[in-house]
Amino acid sequence: MDPGTLTHQQFVDFGTVINSRLGIKMPPSKQVMLQSRLQRRVRELGLASIHDYHTRFFSDEGAQEEELEHLLNLATTNKTDFFREPDHFHYLACRVLPAWLKDRPSPTLQVWCAGCSTGEEAYTLALTLLEQQERQDFQFDILATDVSTRVLHIAREAIYTEEQARPITPALKSRYLLRSTDPKARQVRMGPEVRQRVRFGHLNFLAESYGIPVTLDVIFFRNVMIYFDRDTQREVVSRMCRHLRVGGHLFIAHAETLQGMGLPLRSVGPSIYRHDPTAAQK
Ligand SMILES: C[S@@+](CC[C@H](N)C(=O)[O-])C[C@H]1O[C@@H](n2cnc3c(N)ncnc32)[C@H](O)[C@@H]1O
């Protein structure tokens with residue numbers, strides 16, 4: 001057999017681990033994608049085949065625990081962008097923030113970027129709020145989490161290509177981004193003012209407790225749920241609501257829905273909800 005082939009049974013074995021650890025659905029349509037990602041890992045390890053990797057992964061010698069982090073890293077899809085679904089950042093600046101400033105329910109606006117991937121969404125939140133801070137006096141704090149240690153490393157580095165940074169306006173770029181001293185590198189880095197505003201952390205949405213010590217005003221949970229089955233989606237969002245202040249906002253992606261899940265959330269805009277315990281939403 002071709003050493004690069006992932007058999008159906010091997011796919012089922014890896015898929016079961018991925019699904020039980022991350023909640024990510026593993027339908028047969030993902031076999032080709034998983035195969036190509038495993039081929040890369042097999043090459044990195046200098047193994048001869050996916051078969052050898054499978055044998056090693058499921059051996060009794062503890063290789064499974066050691067290798068688990070790599071498997072989970074390669075199982076996640078991390079596509080993201082700066083100012084992705086931009087109307088949400090506009091809504092945050094023009095609707096959520098003014099309402100929060102009127103009531104000031106806490107000294108600091110607490111924001112959670114849940115499933116932050118390589119950091120673009122969290123830094124977009126920081127840029128949006130920093131821009132507002134130029135006009136208004138308030139404090140904010142952004143917690144950004146992901147289960148993949150690989151993407152968290154990139155997020156903390158905060159270095160992006162000019163192409164990736166294209167959706168950021170020239171005004172924000174010149175105020176808050178650093179340009180590489182080597183023009184050939186065509187890279188930018190989030191400036192210290194932006195980086196200081198975001199704390200990155202490792203968090204698995206399947207964990208019993210999220211260990212978030214503050215009550216959150218805003219949660220961005222976008223383009224993550226889409227990978228989970230409906231029961232997992234409901235469980236995760238229900239757990240998140242425990243950390244969201246009553247009246248606080250939850251943003252999900254336009255391709256996602258919470259319709260019919262009976263959650264304490266009231267729809268207030270496109271893919272935008274407010275925590276309202278009286279609204280067991282139909
Ligand atoms: C497609 S990215 C979305 C990034 C960003 N929120 C956006 O909308 O651009 C999905 C992220 O969810 C993370 N993820 C998947 N399953 C997870 C889990 N069980 N716990 C925490 N993060 C998870 C992945 O590692 C990935 O970085």
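Modeller: Let us start with salt bridges. A salt bridge is a side-chain nitrogen of Lys or Arg within 4 Å of a carboxyl oxygen of Asp or Glu. The side chains of Glu235 and Arg239 form one, with 3.3 Å from N to O. Both residues belong to helix 10, 4 residues apart, which is about one turn of the helix. Helices (H or I, at least four residues) and strands (E, at least two) are DSSP runs, numbered from the N terminus. This is a predicted model, in which local features need pLDDT of at least 70 and side-chain atom pairs count only at pLDDT 80 or more, while totals for chains, interfaces and linings use all residues. Residues are numbered from 1 along each chain as its sequence is written, and side-chain values use heavy atoms, with hydrogens and water left out.

Colleague: How many salt bridges does the rule give?

Modeller: The count comes to 15 salt bridges. Another of these joins Glu44 to Arg41, with the closest N and O atoms 2.6 Å apart. These two residues are 3 residues apart in helix 2, so about one helical turn separates them. Glu44 is exposed, with a relative accessible area of 57%, while Arg41 is buried at 10%. A network of salt bridges links Arg41, Glu44 and Glu67.

Colleague: Which salt bridge links distant parts of the chain?

Modeller: Asp276 and Arg266 make such a pair, their side chains meeting at 3.1 Å, N to O. Asp276 lies in strand 10 (residues 272-280) and Arg266 in strand 9 (residues 264-269), 10 residues apart. Asp276 is buried at 14%, and Arg266 is partly exposed at 39%.

Colleague: How should I read a nonpolar core, and which residues have the most contacts inside the largest one?

Modeller: A nonpolar core is a set of buried Ala, Val, Leu, Ile, Met, Phe, Trp, Tyr and Cys residues joined through side-chain atoms within 4.5 Å. The largest one here has 45 residues, and Trp112, Phe205, Phe221, Leu250 and Leu258 have the most contacts inside it. Among the elements that give two or more residues to this core are helix 1 (8-22), helix 4 (63-75), strand 1 (108-114) and helix 10 (230-241). The core lies between domain 1 (8-75) and domain 2 (87-280), because both give residues to it. Those domain bounds come from an automatic or database domain assignment. A second, separate core has 42 residues, including Ala122, Tyr123, Leu129 and Val194.

Colleague: What does Phe205 touch?

Modeller: Contact means heavy atoms within 4.5 Å. Leaving aside residues up to four places away in sequence, Phe205 touches several residues, among them Trp112, Tyr210, Phe221, Phe228 and Arg239.

Colleague: How is the boundary between the two domains described?

Modeller: One begins with distance and contact. The C-alpha centres of domain 1 and domain 2 lie 30 Å apart, and 10 residues of domain 1 are in contact with 11 residues of domain 2. Next comes buried area, the accessible area (1.4 Å probe) that two parts lose on being put together, summed over both. The two domains bury about 810 Å² between them, 50% of it on carbon and sulfur atoms. On the side of domain 1, Leu22, Lys25 and Asn73 lose the most area, together 54% of what that side buries. Between the domains the count is 0 salt bridges.

Colleague: Which element of domain 1 gives the most to that side?

Modeller: Helix 1 gives the most, with 4 residues.

Colleague: Lastly, how is a positive phi to be read?

Modeller: Most residues other than glycine have a negative phi. Arg104 has a positive phi of about 45 degrees although it is not a glycine. Arg104 is in the loop between helix 5 (87-103) and strand 1, and is partly exposed at 39%. Ser117 also has a positive phi, near 50 degrees. Ser117 sits in the loop between strand 1 and helix 6 (120-133) and is buried, with a relative accessible area of 5%.

Key:
Buried < 20%, exposed > 50% of the residue type's maximum accessible area, 1.4 Å probe, protein only.
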